[in-house]
Amino acid sequence: MTASLFTPYKLNDTLTLSNKILMAPLTRCMADDDLVPTQKMVDYYARRAEAGLIISEATIIRPDGQGYPNTPGLFTPAQINGWQKVTDAVHQNGGKIFAQLWHTGRVAHSHFFGGGDVLSSSAQAVEGTVPRMRELVYQTPKAASLDEIKQLVVDYAQAAKNAIDAGFDGVEIHGANGYLIDQFLHHDNNRREDEYGQTPENMSRFALEVVDAVVARIGADRTALRLSPAAYFNMAADPRDRAVFDYLLPEVAKRNLAFLHGGIFDDSMQFDYLGGSISAYMRSIYTGTLVGVGSYTAETGSAAINDNKFDLLAIGRPFIANPDYVAKVRDGAELTTYADTMLTELF
């Protein structure tokens with residue numbers, strides 16, 4: 001049964017969603033060489049506008065945030081204009097869309113921004129190579145200085161303003177999945193000894209500064225956040241991380257954001273130091289609207305919503321293979337499986 005997915009959901013006084021199915025952010029690498037959204041992207045998002053809310057692919061806030069080829073940006077006039085074409089098409093089809101704001105931190109590569117430092121919370125390199133460009137080996141990052149952290153906060157807020165100028169209905173700050181903000185939130189990567197390290201309050205400081213700056217610029221009702229309490233991607237787990245999120249989640253709740261989104265590829269994963277899954281842990285602490293994600297089907301996601309495990313369901317790869325995912329679920333039609341669809345046909 002999926003009926004619970006098809007009732008409207010009021011995020012706040014500004015935004016009401018037509019249904020509870022969100023399109024999860026999905027990196028597609030379809031921007032041009034200047035990181036400007038292309039016509040292919042316009043068509044891709046417009047075809048999926050029946051989602052209650054689309055969360056865009058991760059979109060970099062400034063040049064040194066790039067860690068993958070052809071990922072779109074939101075820091076030049078051309079990029080803003082390119083995104084305006086996307087948001088116009090989504091709105092013309094009756095949809096809503098948030099921009100996911102992204103800086104990859106230590107998995108950025110200077111190849112993409114003409115040299116210079118890769119920034120992170122600490123000078124801790126990640127092993128491996130850049131996806132789609134395996135000849136590029138990850139570099140040892142520089143621990144961001146206090147002035148550089150201040151500038152990053154400013155740049156997140158400016159990117160949020162740029163998103164609104166581009167016609168987005170709001171933004172989701174990407175604080176999950178091992179990228180820059182997440183690199184401050186986990187002991188494996190955060191080795192700082194200043195006001196951004198060591199204690200839960202200090203390790204949460206950068207994330208909250210970014211949230212507060214974005215809220216000040218565009219409003220809490222148009223600001224969302226994605227977090228990964230469990231370190232599972234490009235980071236080693238550390239039981240001390242729980243204390244960081246035990247502090248951070250109530251602080252985020254005080255900000256009355258549009259929603260909080262779990263960052264996990266499979267929400268059936270169990271983490272001993274969280275006492276279970278990411279969504280269960282977040283639900284036990286966070287009091288606002290929670291988005292569940294991670295290998296759910298429409299049926300299992302609807303059941304989880306009925307059981308009050310979360311409020312909204314984000315769907316990823318099935319949305320790639322099924323631009324009409326919402327209609328198919330509503331009508332009980334068979335879904336095309338992601339694995340059975342050629343990548344060249346997924347637009």
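Student: Which element gives the most to the lining of the largest pocket?

Tutor: Helix H9 does, with three residues. The model is predicted, so local features need pLDDT of at least 70, side-chain atom pairs count only at pLDDT 80 or more, and totals for chains, interfaces and linings use all residues. Residues are numbered from 1 along each chain as its sequence is written, and side-chain values use heavy atoms, leaving out hydrogens and water.

Student: How do I read "helix" and "strand" here?

Tutor: They are DSSP runs, numbered from the N terminus: helices are H or I with at least four residues, strands are E with at least two. H9 covers 317-321. Strand S5 (97-102) and S14 also supply at least two residues each to the lining of the largest pocket.

Student: What is a pocket?

Tutor: Rolling a probe the size of a water molecule over the atoms shows where empty space is left. On a 1 Å grid over the protein atoms alone, a pocket is an open set of points with protein on both sides within 12 Å along at least five of seven lines; in a cavity, a 1.4 Å probe fits but cannot get out; lining residues have an atom within 4 Å of a point. Volume is the space filled by probe spheres set on the points, which are joined across faces, edges and corners. The largest pocket here has about 1000 Å³. Its lining has 35 residues, with Pro25, Leu26, Thr27, Phe265 and Arg317 nearest the centre.

Student: How many of its lining residues are nonpolar, polar and charged?

Tutor: There are 24 nonpolar, seven polar and four charged. Nonpolar means Ala, Val, Leu, Ile, Met, Phe, Trp, Tyr, Cys and Pro; charged means Asp, Glu, Lys and Arg; the others, Gly among them, are polar.

Student: And the second largest pocket?

Tutor: It holds about 180 Å³. Of its 13 lining residues, Tyr296, Thr297, Pro318, Tyr325 and Leu335 are closest to the centre. Its lining has seven nonpolar, five polar and one charged residues.

Student: How many cavities of 30 Å³ or more are there?

Tutor: One. The volume of the largest cavity is about 30 Å³. Among its lining residues are Gly262, Asp267, Ser279 and Val293. Helix H7 (278-285) and strand S13 (290-292) each give two or more residues to this lining.
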